[in-house]
Amino acid sequence: VSASLGIASGDPEATSGSLLRDADVAMYRAKSNGKGCWVVHDSEMRTAAVERLRLETDLLGALDAGQLALVYQPVVELESEAIVGFEALLRWNHPTLGLVMPDQFIPLAEENGLIVPIGAWVLDEACRQAVAWRDAHPEHCELSMSVNVSARQIASPDLLVHVATAISQSGIDPSRLVLEMTETALVQDAPIAAERLRELRTLGIRLAIDDFGTGYSSLSYLR
């Protein structure tokens with residue numbers, strides 16, 4: 001058994017409520033730092049917590065408001081320097097904050113479950129764009145489209161339905177769709193992850209491990 005500790009010290013204006021609030025903020029920082037450690041609260045944490053709460057609140061309506069968008073990064077074969085595919089990357093065009101990068105809002109979407117509907121939208125949009133490019137440039141019909149899949153999506157039983165729906169509605173060749181997932185996402189619940197990967201393979205899509213070697217770095221997990 002281990003514990004994550006948040007430590008707050010009082011000043012003359014402190015109340016029991018403010019001390020508990022500050023200790024709570026510090027505790028969550030300790031948990032995000034890997035758990036089993038302690039963090040002392042400072043004023044910057046309170047500012048970060050307020051900003052985080054604002055982002056989380058605004059994110060609830062971002063998808064319906066059309067604020068989310070995809071940009072596409074080319075995948076290049078080093079030997080020939082030819083473009084062999086694209087990777088869909090999610091961006092949030094916030095009405096007041098401007099462009100918000102995924103490392104700022106994807107963890108929030110993971111925590112509150114929004115990543116499941118957002119991930120389904122990303123799949124649909126990326127597959128639709130891949131087919132549009134294929135139809136406009138039939139000479140490049142072999143280009144692949146890579147889409148990132150989060151740990152929350154892998155754990156969701158709806159993932160298979162979302163992928164199958166995106167394939168059928170867009171008309172993309174399943175072998176042109178690559179789902180990328182991080183090594184960390186796969187080992188959080190290895191049996192469920194393995195079952196989900198087997199299900200996805202029946203659709204004829206391709207799977208890729210993203211950032212392999214930066215987390216657990218275990219070949220047994222890869223197997």
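Colleague: Which residues form one aromatic cluster?

Modeller: Tyr 72, Phe 86 and Trp 133 form it together. Rings of Phe, Tyr and Trp (its six-membered ring) count as a pair if their centres lie within 6.5 Å; planes under 30 degrees apart are stacked, those over 60 are edge-to-face, and the rest are tilted. The model is a predicted one, in which local features need pLDDT of at least 70 and side-chain atom pairs count only at pLDDT 80 or more, whereas totals for chains, interfaces and linings use all residues. Residues are numbered from 1 along each chain as its sequence is written, and side-chain values use heavy atoms, with hydrogens and water left out.

Colleague: How many aromatic pairs does the structure hold, and why is that of Tyr 72 and Trp 133 called edge-to-face?

Modeller: There are three aromatic pairs. For Tyr 72 and Trp 133, the ring centres are 5.0 Å apart and the planes stand at 75°, so the pair is edge-to-face. This pair joins distant parts of the chain, with Tyr 72 in strand E3 (residues 68-76) and Trp 133 in helix H4 (residues 115-136), 61 residues apart. Helices (H or I, at least four residues) and strands (E, at least two) are DSSP runs, numbered from the N terminus.

Colleague: Why is Tyr 72 called partly exposed?

Modeller: Buried means under 20% relative accessible area, exposed means over 50%, and partly exposed lies in between (1.4 Å probe, protein chains only). Tyr 72 has 22%, and is therefore partly exposed; Trp 133, at 30%, also counts as partly exposed.

Colleague: What makes Trp 92 and Phe 105 an edge-to-face pair?

Modeller: The ring centres of Trp 92 and Phe 105 are 5.6 Å apart, with 80° between the planes. Trp 92 belongs to strand E4 (residues 83-94) and Phe 105 to helix H3 (residues 102-112), so the pair ties together parts that are 13 residues apart in sequence. Trp 92 counts as buried because its relative accessibility is 0%, and Phe 105 is buried with a relative accessible area of 0%.

Colleague: Where do Glu 199 and Arg 196 lie, and is Arg 196 buried or exposed?

Modeller: Both lie in helix H8, three residues apart, about one turn of the helix, and their side chains meet in a salt bridge (3.2 Å, N to O). Arg 196 is buried because its relative accessible area is 8%, whereas Glu 199, at 23%, counts as partly exposed.

Colleague: How do you know that the span of helix H8 agrees with expectation?

Modeller: The expected span is 1.5 Å times one less than the number of residues. The twelve residues of H8 (residues 190-201) should therefore span 16 Å, and the end C-alpha atoms are 16 Å apart, which agrees.

Colleague: Which residues of H8 are buried, and why are they said to line one face?

Modeller: Ala 193, Arg 196, Leu 197 and Leu 200 are buried. Seen down the axis of H8, these buried residues fall within an arc of 100°, so they line one face of the helix; the arc is that of the directions from the helix axis to the C-beta atoms. The face turned away from the buried side carries the exposed residues Pro 191 and Arg 198.

Colleague: Why is Trp 38 called exposed?

Modeller: Trp 38 has a relative accessibility of 56% and therefore counts as exposed. Trp 38 lies in strand E2 (residues 38-40). Leaving aside neighbours within four places in sequence, Trp 38 is in contact (heavy atoms within 4.5 Å) with Leu 5, Ile 7 and Ala 30.

Key
A salt bridge is a side-chain nitrogen of Lys or Arg within 4 Å of a carboxyl oxygen of Asp or Glu.
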